[in-house]
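User: Hi! I have a model open and would like to know what lies behind the terms used for it. Could you take me through them?

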Amino acid sequence: MKPIRLPEPPASPRGMGGVPDIFEGVVHGAIRRAVVIGNGFPASENQSIGLIQALGLSDKHTLYRVTRPRGGVNEWLHWLPVSLHKKLYYIISQICGILFRRRARQLGTLPMENGGNVGLSSILEADVKSIVRMAHETFEKDGPLLVIASGRDTISITSSIKRLASDNVFVVQIQHPRSRLDRFDLVITPKHDYYSLTPQGKEQVPRFLHKWITPHEPPDKHVVLTVGALHQVDFAALRAAAATWHEEFAPLPKPLLVVNIGGPTRYCRYGADLVKQLTASLHNVLGSCGSVRISFSRRTPEKHSKIVVKELGLDPKVHIWNGEEPNPHMGHLAWADVFVITADSVSMLSEACSTGKPVYVVGAERCTWKFTDFHKTLRERGLTRPFTGLEDMSESWSYPPLNDTAVAASRVNEALAERGWKIKA
């Protein structure tokens, strides 16, 4: 019997020194899959998914989620790291006995603040040991593992993965982790997160508190600065949404004004007076609008939404989304001719500014600290203008669309290349 001789690997199109794709995972460090660590908050997880999408790994990622107990004493424990929070909650529940546990079971039937049991049948609990084991055991066959996470609750998970599997993973942390950036391969964060280092920021903080305000150091080479938040809105997504929502939005009279209303936050506080100011301004511009679509966020106080419904709900030009599925958000982004958005949401503003269409902001003057820097940047780049109620909505203006997600994806690819790795979608 003649021995079987295996053929030599064929030459790669890159040249005689190359190898075919089946050998690329080991020799060239091709990344073919990713892990997303989420915290259950749509605004945070949307950033990670948006980056995954821009890197071409939409169909090749697994979503894990960090969850916290909610209800009762847990409302006082959210400032703790997740692992310590869970341990402390377990100890308290044991001490308090059967009555407390019964109450905890009742609360467990409700959706948790950070995602809880909503959709968890298809989402895995983020476990450092299992992810590290997977990275080690599958490295030879599947290559390095890309890990992307966003939000404070994910920091301890991703930093531990990096520490325990540094040769097998590339860890990207979105949003500033406040300290010890060397725990990650790359940090992606808005420029306004460094507001505390600016002269204006330092003036707002007493000198004796400076050492307690983070970050302490300016961004180094493995920090990617963005203007706003990452997201999933790109040309392909808008084109798909335009087709999906064509039947509903195409017949509407133009121009179509889309109004997105959020809710007060720590750095952007406002009350019913601003909402009344908004509705009055919208009344003033209705004459120059063909149609108006209004939607609220999860953070919109009920008293605010009731004011809007009362003042505008009966106008034939106005349609207010009732919160039921399907969510028209992507259709709004695709079909709107102009936007009016409350100043509190970096995510909503970032998405709208990625369309290149006029974006008017209401309430920016009420924002404080780093949000003032964010809105200043948007205005200086010509992305937004204040909403006064004196605008003619039929007059359009434009700007180069904000493309933070694409820029961040490019920087991820550059950092991977420096390590000898690359994404093979």
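Analyst: Happy to! Strand 13 (residues 359–362) and strand 14 pair in the parallel sense over two bridges. This is a predicted model, where local features need pLDDT of at least 70, side-chain atom pairs count only at pLDDT 80 or more, and totals for chains, interfaces and linings use all residues. Residues are numbered from 1 along each chain as its sequence is written, and side-chain values use heavy atoms, leaving out hydrogens and water.

User: What makes strand 13 and strand 14 a pair?

Analyst: Two strands pair if DSSP finds at least two bridges between them, and strand 13 and strand 14 have two bridges. Tyr360, for instance, has Arg385 of strand 14 as its bridge partner. Strands here are DSSP runs (E, at least two residues), and helices likewise (H or I, at least four), numbered from the N terminus.

User: Why is strand 14 called an edge strand?

Analyst: The six strands form an open sheet in the order 11-10-9-12-13-14. Strand 14 (385–386) pairs on one side only, as does strand 11 (318–320).

User: Why are helix 11 and helix 12 called roughly parallel?

Analyst: Their axes, lines fitted to C-alpha atoms over the stretch in contact (heavy atoms within 4.5 Å), cross at roughly 25°. Angles run from 0 to 180 degrees between N-to-C directions, and those under 35 degrees count as roughly parallel, over 145 as roughly antiparallel, 65 to 115 as roughly perpendicular and the rest as oblique. Helix 11 and helix 12 are therefore roughly parallel.

User: Which residues of helix 12 make the contact?

Analyst: His304, Ile307, Val308, Glu311 and Leu312.
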